[in-house]
Structures are given as structure tokens and as C-alpha cells.
Amino acid sequence: MQRDYLTIALCKGTLLMPTLDLLTRAGLPTCGIESDSRNMVFTYDQARITYLMCRPTDVPTYVEQGAADLGIVGKDVIEEQGKDVFEMVDLKYGYCRLVVAVPLELRDVSVKDLNYKRVATKFPVIAERFFRSQGLQVEIIKLHGNIELAPLMGLSDMIVDLVSTGRTLKENNLIEAVKIMDSTSRLICNRVSYRTKHKQILPLIEVVQKIVRGDVVNEN
Amino acid sequence: MKNRQIPKGLRDLLPDEVKVKREIEKKATKLFRSYGYEEVITPAFEFLEIIETGTGEKIREELFLFMDREGGILALRPEMTVSIARLAATHLQNADFPQRLFYVANVFRYVQPHVAQYREFWQVGVELLGASGVWADAEVITIAVKALRDIGLDDFKISLNQIGIFNSLLEESRMRDDEKKLIRTLVERKDLVELSRCLENLDIDDGLKEAIARLPVLHGGLEVLDQIPYLEKNKGASKAADELVKLHDALKICNVADNIVVDMGVLRGLDYYTGVVFEGYSPGLGYGLLGGGRYDNLLEQFGFPCPATGFALGVDRLSLVLGHEEEEPVPYLIGGENFRLIIKKAEELRKQGYIVQLDVEGHSKEVLEEKIKASKRKYRLIYIEERE
């Protein structure tokens, strides 16, 4: 990390477009990022900005350890990892919700009926905490993707997963039983960078807050 | 092969790492002594009750706990301030005050280990017991700044706050206790998103709401105090703010104000702080280097009402930022066939202050030259040819 550069960790995928849009509106350079999907580091010397492109689940790690000063990532990831970072702004885009979903034939079960069942999920920490808060004990099966497959193949009785439109659930004969939390993208900050690079970070946060609130921002 | 793992979060320190650590400790303790502080040592573990009395129950999940054979619950110390407070209440009630104490100690926390966060780590720190007022705070903060300077850090900041500002505003809001607790947690975690959502739903004065929402991000010179809405309407908060101004003036006189920023977001996690609090940061590391503040009610918990202030410096974290070692003197390596002559020469050189190693294996000159060539370290070889 160069000391006088601001380093921002971004994630590839569906969140990238709205993120680049936001950064552009906040007056930061973003040219070339969208078209160059293989590059992992983008540096803009004039603006003294470096972007790191990483997996969403790695963004909090980069920020917590100070390898990046700021990061943009979903609340679901932040909540799951419980990393020691400052959560500065709700960016409002990238909405999805984390839900418990069950096979269609169980559509009428109550939460209590889920006791001692098996849950497949990418979010073991949130899932465990949720079920415990409901007074339930479940067996958590951590998977890394295609969670919907688990109940189909008899690996689990239900899943805890992110849903935005609900289409994937439907296609796999699953139905949302309980919502655990809503999630949107957040701007997070390293706790030391926030203090040592305050002069660069605070104005950026203020302008992002304005954009999110819908205030008119001078785009020059 | 026998298992040779060590428990998670612990580590061995090899000679090069120990050198850096000892150098830090040497410079810090030399500075502490120059201010009249004296070293104390307390046991590595205490009764759980003592630790919890001091730091609050929140600390429990970070403690290493075990039992003695009488059924008492013991905890490895998670920090030193509570132990020193207990020590003072036990032994120093009739001593001259203020008392100036310092320590070099390992402390233990059951946390998720990562770089710069181990489960056993080392702290050096001072406690100034029996003195209230900003001059005492200024002394301790000045020592903190000078310690980092002496150790060789040039780029660092001490973030300063008076938690009376936040506490008084929160007190006035007439929130329920659980709401206060939640707000405090959110401010400590700097979860501004949840904080503003939470404040929106509370039925309290709008000015107060804005003040609480703004505090965590207020950072800069003393002028940030003017940016707190509602401040002058709250007696406790404006008194705390005045104290911060006075302290800042004192730190200017102590010639350390260049390293000081006012940061309303610094609250420190531990329950015992009552007034001025501070944390030290360097851009070279994503984690804090030191932390401290005033804890006027802690000693009272042990039956000895007495104002106090102090700080602790994380030696392991500081080692990470420093990394560089000082030039070391090149040691002598003395070989030969006559042990008596080797010893004689070695003693002579040691008397002159040199580091001297003996070739205790009786190698020939050629072998020794080869070994020195192959070694990463440098040696000055003396080979004694005479046989007496």
C-alpha cells in the first residue's frame, strides 16, 4: 500500500457496474476498469487512487488488515465475517435478502419444525446465530456455491441463501420460509486509515453520502 | 516424530525478533524512568472476579480461564491496568502520591489470531495514580508520544477524546439502558449505517440525535468541538469539551501537539475509562499501536478511591512497524589448539567490551574460515597458532 495513495478494494461481478457508476459520480477516475477484466490492480497517479479487484468475500479482509483503506462490499459478507472495520455508508444498491428456504412440500412448516434439521449455506455464522436466536439447534453444512442443489440431492433439509428476485429458488422447487436480513452494498473503511488518511477519506465519504441521499452533486 | 505444534495464536520469538522487542522495551522504560516511574511486576493470572470487577463482563469471552484446586476461577491477565489498580489498593494505600508505576508484561486474550493480533502479546505501559487534572493527563500523553518518537517512529498520530462528551449526551437523551448500550456498541464499531437507522427510530431531541450521529466521524483539530450540535446545552459535555481544550494547550507546551488529533470516535472498549482517552496509530499498520486514558473509578472498585491515568503500548505491533534492526557490533570468533591461550585472549577482548565466541569444537583455521564464509552472520576470526 503506497502511503499517500488511497487504496479501494472493489469486487467483480454484478456489483461492479453500479460501483463504477457511483465512483464516477463521486469524481474518481474509473476509465479502463470495466473493459479490462483480467487486471487486478488499477492505479491512477493523478488522483492518487489504487483499486484492487477481489472476490467479495475477500474485501473485508483487505480492509481490516490495511491492505486497502476502503472497500465496497455487501452487508451480508460484512455480517458473516464480523471483521473489525468501520461501516461508513449504506450505498443502497445491490439489494438482496438472506433467507431460510425450504423445499416446496415443506411450505407450511413453522420455524419450530426446523429444529435439528440440516442447513446448507454459504453463511454459516449468520445461519448459526439466527437459528440459535430462535432457540433452535441445526446442523450447518458449509458449501461454497449452488446451495440450491443441496436439498435436491438430499444433502440438507433446507438452505440459508441470498435471494434477490426469487427466481432461482422457484426453479429449484424451493420456497422462502423466513427472512433473516436485508443486505445492500456498504462502503467500509480500515480503522487506522480512517485516522491517518482522514483528509482524503472524509471528503470522499461525504460526497458518497450526498449521492446516496440523492442530493445534487457537482460532478466536476 | 513427536508433535511440535504450539497452541493457536502463540509464537516463538527468534533472536532477531527478540532484539527488536528488547530494544523497544529498553527505550520505552528508559523514558518512563526519566519521568520518575518505577517498575512493578504482577502475577500472570488473577482471580476472574478481579478482572471482571475492573474491565466489565464483556471481557469474559476473551479470557483464558482455568481453575485452581480449591475451585477458584482464574484468568490469565488480558491487560495490566486492573492488576496494577489491585496492586495499588493492596500495597500502596499509605504510599506517597501521586505514584508513578510502569510495567513490561505479557498479556493474554482469546481472540481470533491474525497478523498483529496474537493470543499472547507484550505491553509496556505506565500508570499515574493519585493525580487528577489535565496536567496529569498531559504528562501521560506526552510520555506516549515521546515513547513512539524514541523508539524511532516518525509518522504517527495520537487520537484524543474525552468520553464525558459522548456519555453526557447519551445520559441526557433519556434512552433506555439497552438503547444506550446499543448506541455505544454501534459508535464503538463505527457502524454508521446501523447507528443512523437506530437513531431515526428513537424518540429523542433532534439536535441530540444529530450530535450523537456526528460524533463518531468528528476528527481534526480543536475546531471539531465547534461542530458538535447541542454541545453548549449540555453541562457535562461542555465541561468535558473545556477539559479537552485545556489538555490540548498543555500538550502544546509539552511540545507534542503536532502528533495529536482530536477524534470523537475514540471511546476505548473497556468499561473503566472515565475521562480523557487516547489511541496511537501509524499509517504503516492497520491496527492501533497504543491506547490509554483516565480511569478515576477503577481503584475504588478495590476499596481505594483514587484518580488515575495511564497507557499501554503494544510491543508486538510496534515491532511490525519498525522491522529494521540497528547495526550490531561484529563478534570475534577465537579458535586454536591451546584452550588456555584461547580463553586468555577471549577474556581480554571481553574485558574491552567485545562480543567473543569460542570455537569450542577445535576446528582448524581453514575449516573456521570456510564456516564464516558460509554463515549469514559476520565474524572477526582470531586463530591462535601457538601451542604454549
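## Domains and salt bridges

Arg195(A) is buried, at a relative accessible area of 5%. Its partner is Glu279(B): the two side chains meet in a salt bridge, N to O at 3.8 Å. Arg195(A) belongs to helix H7 (residues 193-196) of chain A and Glu279(B) to strand S10 (residues 276-281) of chain B, so this pair joins two chains. Glu279(B) also counts as buried, with 9% relative accessibility. The cut-off for buried is under 20% relative accessible area. All of this is read from a predicted model.

### The two domains of chain A

Chain A splits into domain 1 (6-94 + 184-213) and domain 2 (96-183). Taken over C-alpha atoms, the domain centres are 30 Å apart. In the contact between them, 7 residues of domain 1 of chain A meet 11 residues of domain 2 of chain A.

How much area do domain 1 of chain A and domain 2 of chain A bury between them? The figure is about 730 Å², with 51% of it on carbon and sulfur atoms. On the side of domain 1 of chain A, Asp76(A), Glu79(A) and Glu80(A) supply 75% of the area buried against domain 2 of chain A.

Helix H3 (residues 75-81) of chain A gives the most to the domain 1 side, with 4 residues. By class, that side has 3 polar and 4 charged residues, and no nonpolar ones.

Across the same interface there is 1 salt bridge. Arg129(A) and Glu79(A) also pair through their side chains in a salt bridge, N to O at 3.2 Å.

### Salt bridges compared

Over all chains, the structure holds 41 salt bridges. Four of them are listed here.

| Salt bridge | N to O distance |
|---|---|
| Arg186(A) with Glu87(A) | 2.6 Å |
| Arg129(A) with Glu79(A) | 3.2 Å |
| Arg167(A) with Glu171(A) | 3.4 Å |
| Arg195(A) with Glu279(B) | 3.8 Å |

Take Arg186(A) and Glu87(A), whose closest N and O atoms are 2.6 Å apart. Arg186(A) sits in strand S11 (residues 185-189) of chain A and Glu87(A) in strand S5 (residues 86-90) of chain A, so the pair ties together parts 99 residues apart in sequence. Arg186(A) is buried, with a relative accessible area of 3%. Glu87(A) is buried too, at 4%.

Now take Arg167(A) and Glu171(A), joined in a salt bridge with the closest N and O atoms 3.4 Å apart. How far apart are Arg167(A) and Glu171(A) in helix H6 (residues 167-171) of chain A? They are 4 residues apart, which means a separation of about one helical turn. Are these side chains' residues, Arg167(A) and Glu171(A), buried or exposed? Arg167(A) counts as exposed, at 60% relative accessibility. Glu171(A) also counts as exposed, at 55%.

### A wider network

Some of these residues are linked further. A network of salt bridges includes Glu79(A) and Arg129(A), along with Glu87(A) and Arg186(A). Lys75(A) and Asp90(A) belong to this network as well. From chain B, the network takes in Arg189(B), Asp191(B), Glu194(B) and Arg197(B).

Technical notes. Residues numbered from 1 in each chain as written. Chains lettered and ligands numbered in written order. Predicted model: local features only at pLDDT ≥ 70, side-chain atom pairs only at ≥ 80, totals over all residues. Heavy atoms only, no water. Domains from an automatic or database assignment. Contact = heavy atoms within 4.5 Å. Buried area = accessible area lost by both parts, 1.4 Å probe. Salt bridge = Lys/Arg side-chain N within 4 Å of Asp/Glu carboxyl O. Nonpolar A, V, L, I, M, F, W, Y, C, P; charged D, E, K, R; others polar. Buried < 20%, exposed > 50% of the residue type's maximum accessible area, 1.4 Å probe, protein only.
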